[in-house]
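Subject: Structure handover

Hi,

Here is the structure I promised to pass on.

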Amino acid sequence: MKVSGLLGVFKTWRHAPATWAFVVLLWLPVLLTGTVLSAHHGPWRSAMVATPSSLPEQWWTVFTSVFWERGLSGYLVGTVLLLIVGIPAERRLESLRFLIAGLATQAAGILITIAMVHGIHTLMGSWSAQLLTHSYLGPSAFVFGAALAATTTLGVLWRRRFRLTFFALLLLLALYSGSFPDLVRLAAATVGVFLGPVLFGRVPRISVPVSSRREARVLVALIVAASAAGPVLSGLLPHAVGPLSVLRFLFTNIQTVDPQTLQTLCSDPTQVQDCAAAQLQLRAGAGGIFMAILPSVLLLIIADGLRRGRLFAWYAAVVVQGGLAILAGSYIVAALMSAASTTSPNEGLGAIDVTSYRHPLSLILPLLLPVLLVALLLLTRRHFRVNAPPKTYRTLFLSLLFCTAAILSAVYVLAGLALASGFTPVPGLPELLADLPDRFLPLGYLLDLSPAFFPQSGAAVILYEGIGITFWLIAAVLILRTFLRPVHDAQGTDTLRARNILKATEGSSLSWMTQWSGNSYWFSGSGKSFIAYRVISGIALTLGPPVGPPAELETTIDEFTNHAAEQGWTPCFYSVPGNVKDATAELGWGSVQVAQETILDLADLSFTGKKFQDIRTALNKATKEGIRTQWVSYPEAPLAIADQIHAISEEWVAEKKMPEMGFTLGGIEELNDPEVRCLLAIDEEHTIHAIASWLPVYREGAIVGWTLDFMRRRSTGFRASIEFLIASAALSCKNDGYEFLSLSGAPLARIETAGEGETTNVSEQRRAALDRLLQQLGTILEPVYGFKSLLTFKSKFQPRYEPLFMVYPDAAALPSIANAVGRAYLPKVSVQQSLSLAGKIMRRPSRVKAKGPSSQPGSQATSPSHPSEPVKSLHDADR
């Protein structure tokens, strides 16, 4: 054991010599002088401390302050920080870059903070005056700066995650604690982000990150959680001076009251209310503190629901933040009225002394934070659409919380009467009933009313403080449980009805997509058929053909067309097979091919012969590298598997820097269905290299095939993993007796067959012109989304091709239909993303020609020496 431990230390020393040398230099001076336990180290040590007044006389302190700390606890924390963060950072950067990054970011952080302290004097004079009395010591800025510089070496996803974590912590401390060291650390970390690329010979770039829906939820939840934790932090820190520290009055109502002040207040007959409030605050134990920070506790619970995309959590966050915004408004008005009057500052617990704020904005702006958070929640409303099962919250509020509150109220009143002698003065039944609201509300929010009695005995204190804690702990557990309930039936009874019809009758290979969020449902008069659609700018755009008995197809189309006309909509059937095209052609509708579906018939499937050489290579290579397949259900997958799936998906979104497409292209949200199967490529170390999801295709109550949907590959994983997954799924489904696999379609792409392109009349010529327009659009978008490369890749499997059409009643509506289709696929595209898309199209025109697939179904997009090269195109295109 001792030998292995020494070997471990030697290995870390070899890979991180600068960090270990730094630890030695940190401890050596104080150990030699014997001053590690002393709070004062004499003037020689004072000359090494960085302060806002260090420049220009003591310029060296921007470097020397890194080698000193305050007391034993400071040295221990600094050492732990160096070992935990510094060693990985040095191994990423290498020793020389690590030292340059650490020293440069610390020096820059101190210089920037000194400039800021003197620059904010006019607007935030009280904060600036406090900062002038602070100083900085220790290696924390060195470590954070080097660590943020080292994130440059990480992949896009982990780089974003580490930076988000570091900056969330540093911003929280800077805004709420607000000390000089907090600002130095934040400035050093910011410099590290820009210095990292420079150390590797690259130019730093500033870009707006593109996030998936899941990552956007996490970000909003993190902001809400930080807004809840920050005021508590500033309330608990004795010397919090940050610009948002004033929010502790809004959230916590915690103020320390010393006995002398209490005696002074209670000796003045005119300050009875303040005396009572101070007595309650002085006696507030753990229960009082918990009730004081109750809004923050509720927001932390709500943040977990926001992370999961829960609609109830969104409404709850808006209500809580809205209430805090109203309370903040009252504080601002009261503070300004107090400032304008000649009387003393506001009376009562939690009052704000305006005289300590030199500029009104330094008080008003922080109190507007709840308003800004309400605006953020409103702007991100579309990300929170996950509903709990029906009657979940009705049961929660009426049956559970109401009953719990009633029982606890009865316990309080009855026990209060039994323990009346433990209160001062002794309360009767009316006093206990009147005090009930205070037991369930945060401490201090009703202190404009003088407390009628105070607990004195131990039992009375437990009763007085415990009722509220018990209620809110039960409420927290029950609310958290609602966030964990399954949500695959989240869209309600219409979705369940549509799912039952889908299973019992017949649709297309895309029909399971009708179960995804964003669709509305129309049911035929017979109740045996339905159509999934979404209305965009007056266009009723369907997802696939009608689902129901084939004999009702024409009747269903007629009924839906009449329904759309009554609503003032123009119907458009999108991604429908030839039978729907033929049925609508009899009505005089136009049509255009929008995709080409690729189907593998499993009965006679065998990957033999030269044309399947690439597929066999992928299967054989996976076997040699110890990679196997594993079927899983995403809702039931272990946490280790689910986290890897999330990481692979988020990595793609981060690298692509373009929004995920929707409508007929699924993402992580669509995996959360117990009937969707996921096939993983996983190695012996349980690392997932790729994932492909398969949607069931029902016919008369039985699954007859599966449709490929979600595909993602780890950027550093097995290169031929997608070919491996599709081939393995085909062989597995063949053994299970299924009829076919659909590899789905590629929008705006097709492989021409003989006879396509001949036109005989005016209407066909118009259709051919529209076809050419769509082909040109597909060519333009090819560098970004790779639709044609996707279809060419699928041709490796020698599939059967089936055209998919868009049918419409009136050619005059085509511009509106095109707008509706675009918004259905990219519902969340922003102006910045639109410009990014245009930039990529303009920058990469040559790649379309270089990567364009051959017109023959069996052709390959790359040479045989690189059989898996199209995987990247597939990885990109199908999204």
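Predicted model: local features only at pLDDT ≥ 70, side-chain atom pairs only at ≥ 80, totals over all residues.

**The whole chain**

The protein chain has 879 residues, and 52% of them are buried. Its secondary structure comes to 35 helices and 13 strands. If you take the contacts in the chain with a separation of 6 or more, 78% of them join residues 24 or more positions apart.

**Helix 22 and two of its partners**

Two packed helices are described by the angle between their axes and the distance between the axes. I looked at two pairs that way, and helix 22 (residues 458-483) is in both of them.

Take helix 16 (residues 294-307) to begin with. Its axis comes within 9 Å of the axis of helix 22, and the two cross at roughly 15°. Angles under 35 degrees count as roughly parallel, so helix 16 and helix 22 are roughly parallel to each other. The crossing is right-handed. On the helix 16 side, the residues that meet helix 22 are Leu-294, Leu-298, Ile-301, Asp-304 and Gly-305. Facing them from helix 22 are Trp-472, Ala-476, Ile-479, Leu-480 and Phe-483. Sorted by class, this contact has eight nonpolar residues, one polar and one charged.

Now helix 21 (429-440). Its axis and that of helix 22 come within 8 Å and cross at roughly 50°. That angle makes helix 21 oblique to helix 22. This crossing is right-handed too. Helix 21 brings Asp-435, Arg-439 and Phe-440 to the contact, while helix 22 brings Tyr-464, Ile-467, Gly-468, Phe-471 and Trp-472. By class, that is five nonpolar, one polar and two charged residues.

**Phe-471, on helix 22**

Phe-471 sits in helix 22. Its relative accessible area is 10%, and buried means under 20%, so Phe-471 counts as buried. What does Phe-471 touch, leaving out residues up to four places away in sequence? The answer is Leu-401, Thr-404, Ala-405, Leu-408 and Phe-440. Leu-401 is 70 residues from Phe-471 in sequence, yet their C-alpha atoms are 8.1 Å apart in space.

Leu-83 lies in helix 5 (residues 71-93). Is Leu-83 buried or partly exposed? At 30% relative accessibility, it counts as partly exposed. Setting aside neighbours within four places in sequence, Leu-83 is in contact with Trp-20, Val-23 and Pro-88. Of these, Val-23 is 60 residues away in sequence and 8.4 Å away in space, C-alpha to C-alpha.

Asp-182 belongs to helix 10 (residues 180-199). With a relative accessibility of 5%, Asp-182 counts as buried. Its side chain makes a polar contact with the side chain of Ser-179, at 2.8 Å. Beyond four places in sequence, Asp-182 touches Leu-173, Ala-174 and Ser-177.

Most residues other than glycine have a negative phi, and most peptide bonds are trans.

- The peptide bond from Thr-424 to Pro-425 is cis, and its omega is near -10°. Pro-425 is in the loop between strand 1 (423-424) and helix 21.
- Ser-575 is not a glycine, but its phi is positive, near 60°. Ser-575 is part of strand 6 (residues 570-576) and is buried, with a relative accessible area of 5%.
- Gln-798 is not a glycine either, and its phi is about 50°. Gln-798 falls in the loop between helix 31 (787-794) and strand 13 (800-808). With a relative accessible area of 28%, Gln-798 is partly exposed.

Over to you!

Cheers

Terms used
Residues numbered from 1 in each chain as written. Heavy atoms only, no water. Helix = DSSP H or I, 4+ residues; strand = E, 2+ residues; numbered from the N terminus. Buried < 20%, exposed > 50% of the residue type's maximum accessible area, 1.4 Å probe, protein only. Polar contact = N/O pair within 3.5 Å; in protein donor to acceptor, adjacent residues only side chain to side chain. Contact = heavy atoms within 4.5 Å. Axes fitted to C-alpha atoms, helices over the stretch in contact; angles between N-to-C directions. Parallel < 35°, antiparallel > 145°, perpendicular 65-115°, else oblique. Left-handed = near helix turned anticlockwise from the far one by under 90°. Nonpolar A, V, L, I, M, F, W, Y, C, P; charged D, E, K, R; others polar.
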